[in-house]
Each structure stands twice: as structure tokens, then as C-alpha cells.
Amino acid sequence: MLTARQLNRATLARQLLLAREPLPVVAAVRRVVAVQAQEPASPYIALWNRIAGFDAADLDAAYASHEVVKATSVRITLHAVAADDYPSFHHAVVNLLRASRLHDKRFKDTGMSIDDADALVPDVLAFLAEPRTNAEVEAWLATRLGAPMPRAWWALRTYAPVVHAPVGTVWAHGPRPSYLAAPTPALTGDQAPSIQRLVRRYLEGFGPASAKDIATFTFLRAPVVKAALNALGDSLERVDGPGGSVLYDVPGAPLPDADTPAPPRLLAMWDSVLLAYADRDRVIAPEHRPVVIRRNGDVLATVLVDGRVAGVWRPTDGGIEVTAFNPLDDDSWAGLAAEAAALVELLADRDPNVYKRYAHWWSTLPAGEVRILG
């Protein structure tokens, strides 16, 4: 039976958080499955935490060559994924993406039917053969439909095979996105193989995990996940987790010892290790969740100490401000100081005030030790 601490170390190992590894950017993105990209800076900070000698220009280049694509995918939000994963990931969750928009009152108020929206997809993709801004697509649609209908594009850009085009800002993507048709044709037909691939890829990056964990990360319904697990059959292993839970895993995946050292890390906002499980106690204690994972969906930039969330961080004029939820020992503070110094260097050429618009959450933090590091 695996213990909770063993599961924590397994997650850290597969997410490249036990040690930075000398990997190319695309290989690292593939290893961690999907990098949360709701904020343009987050994939850069996520990969800086995971790659030895990370150079932000390498991710710029991967975006520019479309070897890494940013698009709405799992969890119905933006992720950066390896280009060869995108078609199956999109195909696996496209029904969820469609339903999230086409059954929304904001789309229904346009007066368009679902069939009307679907019929537009091929022409929209043809228009997106080159990068187009929201304003450009909305103007094109207004001409096509005879009236402005911005909610039509709001729906289409969520579920059509559309990716964000790098626009040359400090983080490759900025607050005014441009869009392109996906660089590889969309998959159609039977979704089962794509769902099975997504489930297996999830386990490679986050296992061992339960069926409920998989559903939490992918937003796939429980029967769909269970059908995929059954279809994968003997290609997966079943292991016993804490409390007798049934967990699934891929053979040969890393399972470090429970006492494997875990170095401190300064994670990006929305880092997937906080959101990839139904049982989030794997990395964050229940009492800290409301502080870090806000009701509106914001997930603050967090501090990992010994593999678990120990506080939050934000940039300040003097470096990186770390708020620890509980007292930390001198070695932990020293490790965080070294991480903060390296993070300051990463941000200096890009955006030293990254995540500034989320600073209002700091007035709601519980009392804790605060230090400026780096």
C-alpha cells in the first residue's frame, strides 16, 4: 500500500519538482503533460522550476515553431501542451468545450443554433490560416452573419481547433491574444482512443491516481473515465492507496521513496500539481486551500517546502516576498532565498512585477512570517 507521502514524492518526480532536469523545453512540456497557461508568464515560471538551465528564449522558440501550443484544453482552460499531444487532447474533451459555450445563455442570446455555430467552424479555420485578433475575427463574423455577434466567436474559439499565436510580447502571449487554426488537423470520429491517450498521459505525469482524480483534471465524466481505464486494461497497474483507495498507474513510472528529499520551489499561479487531483491533500493541506485556491478560481503563486504548500509568494521592489503559513526552519528559508534570487533573475528581463493584478489577495492572507528574499 502506498502512503500519502509516497504519492507526494511520485507527483513531484513526474512533475520534475524533485530535481531540475537538463531537458529541452518541448520534452519537459511533454513530461509534465499540460502546463497551465491562463497567465502568459505561468508556463515560463513553471518550466523554470523544472528545467536545469532554463532559458526563457527556448520557450519563445517552441511557441514560434508551434512545437508547443497554447490552447483551451483540459479543465476548459488554457494550457501549453506539446503539439503532438494537442490533437488527441482536444478531441478527448471537445464535447465538454462545446457544451460549456453552446449551452451557455450568453451564446443562446445570439439567436444562433448549435448547428449554425458548427457550420461556421471550417470557414473560421480558413480565416485563421494567419494570425487574427479577436477584433478581426469578430469583424469578419459580423460581415458573415449580418450583425455583430461577439459571443459567437467567444464560443467558437473555445471548442474549435484553434490555438493562440505568439505575438512577440515579453511572455510570447499577451493580454490581447491572436489566434491561428491548429497546426495539425483536428481528429474526428470515435473519441475513445483519444480519451484513452489522455488518461494514460495523465497517469504518466500525475500518477498513481484514482479515477476520480483523472476526472477532476480532465473534467471528463466518471463513466467516461472508467470506460477508458477498462479499455486500457492490463497496460495499466492497479495499486492500493491510502485508506484502501484504488489507484491506477503506468508500469515503470517513478515511485521514489517517501524519504526522498524535496527541494523548495516557488510555483507559478495555477500550477497543475495543486489542481490535478480530487484529493488535493497530496500537496496542500485542507486548511491552506481556501487561502491559495480562491472562490473565483484564482490560484495564488505558492511556496513548496518538503514537497507541500507552505506559503505564497509575489514580486516586490526588493525581490520576492514570501509569506509562510507556519514557521520554517533556517535551512528552508535559505533554500527559498536561493530560489528567489534565481527567480528575480528570470523576471528581470521579462516582467519584474508579474502577477501584479492579483496583489489584492494579500490583504486577505492569514498572519504568517513574511520575508523579502532574493
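The following conversation goes through some features of a predicted model and the rules by which they were named.

Visitor: What makes a residue or an atom pair count in this model?
Guide: Because the model is predicted, local features need pLDDT of at least 70 and side-chain atom pairs count only at pLDDT 80 or more, while totals for chains, interfaces and linings use all residues. Residues are numbered from 1 along each chain as its sequence is written, and side-chain values use heavy atoms, with hydrogens and water left out.

Visitor: Why is L16 called buried?
Guide: Buried means under 20% relative accessible area, exposed over 50%, and partly exposed in between, with a 1.4 Å probe and protein chains only. L16 has 1% relative accessibility and therefore counts as buried. Its place is in the loop between α1 (4–14) and α2 (25–32), where helices (H or I, at least four residues) and strands (E, at least two) are DSSP runs numbered from the N terminus. L16 also has a positive phi of about 60° although it is not a glycine.

Visitor: What makes V33 buried, and where does V33 lie?
Guide: V33 has a relative accessible area of 1%, so it is buried, and it lies in the loop between α2 and β1 (35–36). Phi of V33 is near 80°, a positive value in a residue other than glycine.

Visitor: Why does T77 count as buried?
Guide: T77 has 17% relative accessibility, and therefore counts as buried. The residue sits in the loop between β2 and β3 (78–82). Leaving aside neighbours within four places in sequence, T77 is in contact (heavy atoms within 4.5 Å) with Q36, Q38, A71 and T72.

Visitor: How do you know that E339 is buried, and which residues does E339 touch?
Guide: The relative accessible area of E339 is 10%, so this residue of the chain is buried. E339 lies in helix α14 and, not counting residues up to four places away in sequence, touches R20, W48, N49, P264, R265 and L266.

Visitor: What makes β12 and β13 a pair?
Guide: Two strands pair if DSSP finds at least two bridges between them. Strand β12 (residues 319–324) and β13 have five bridges in the antiparallel sense, and therefore meet that rule. I320 stands opposite L373 in β13.

Visitor: Why are β9 and β13 called edge strands?
Guide: The open sheet of five strands has the order β9-β10-β11-β12-β13, with antiparallel pairing. Its edge strands are β9 (265–266) and β13 (369–373), each of which pairs on one side only. Helix α14 (residues 330–348) packs on the sheet, touching β9, β10 (302–305), β11 (308–316), β12 and β13, and its direction makes about 145° with that of β12. For that angle, axes are lines fitted to C-alpha atoms, for helices over the stretch in contact, and angles run from 0 to 180 degrees between N-to-C directions.

Visitor: How do you know that β7 and β8 pair?
Guide: Four bridges join strand β7 (residues 237–240) to strand β8 (residues 246–249), and at least two are required, so these antiparallel strands count as a pair. The bridge partner of D240 in β8 is V246. The hairpin has five residues between the strands, and there G243 takes a positive phi near 70°.

Visitor: What makes a space a cavity or a pocket?
Guide: On a 1 Å grid over the protein atoms alone, a cavity is a set of points where a 1.4 Å probe fits but cannot get out, a pocket is an open set with protein on both sides within 12 Å along at least five of seven lines, and lining residues have an atom within 4 Å of a point. Grid points are joined across faces, edges and corners, and a volume is the space filled by probe spheres set on the points. The largest pocket has a volume of about 430 Å³, and of the 22 residues that line it, the closest to its centre are Q38, E39, P40, G174 and P175. The largest cavity has a volume of about 90 Å³.

Visitor: Which residues line the second largest cavity, and how do they divide by class?
Guide: About 50 Å³ of space lies in this cavity, and its lining consists of M269, L300, A301, W313, R314, Y355, Y358 and W362. Ala, Val, Leu, Ile, Met, Phe, Trp, Tyr, Cys and Pro count as nonpolar, Asp, Glu, Lys and Arg as charged, and the others, Gly among them, as polar. The lining of the second largest cavity therefore divides into seven nonpolar, no polar and one charged.
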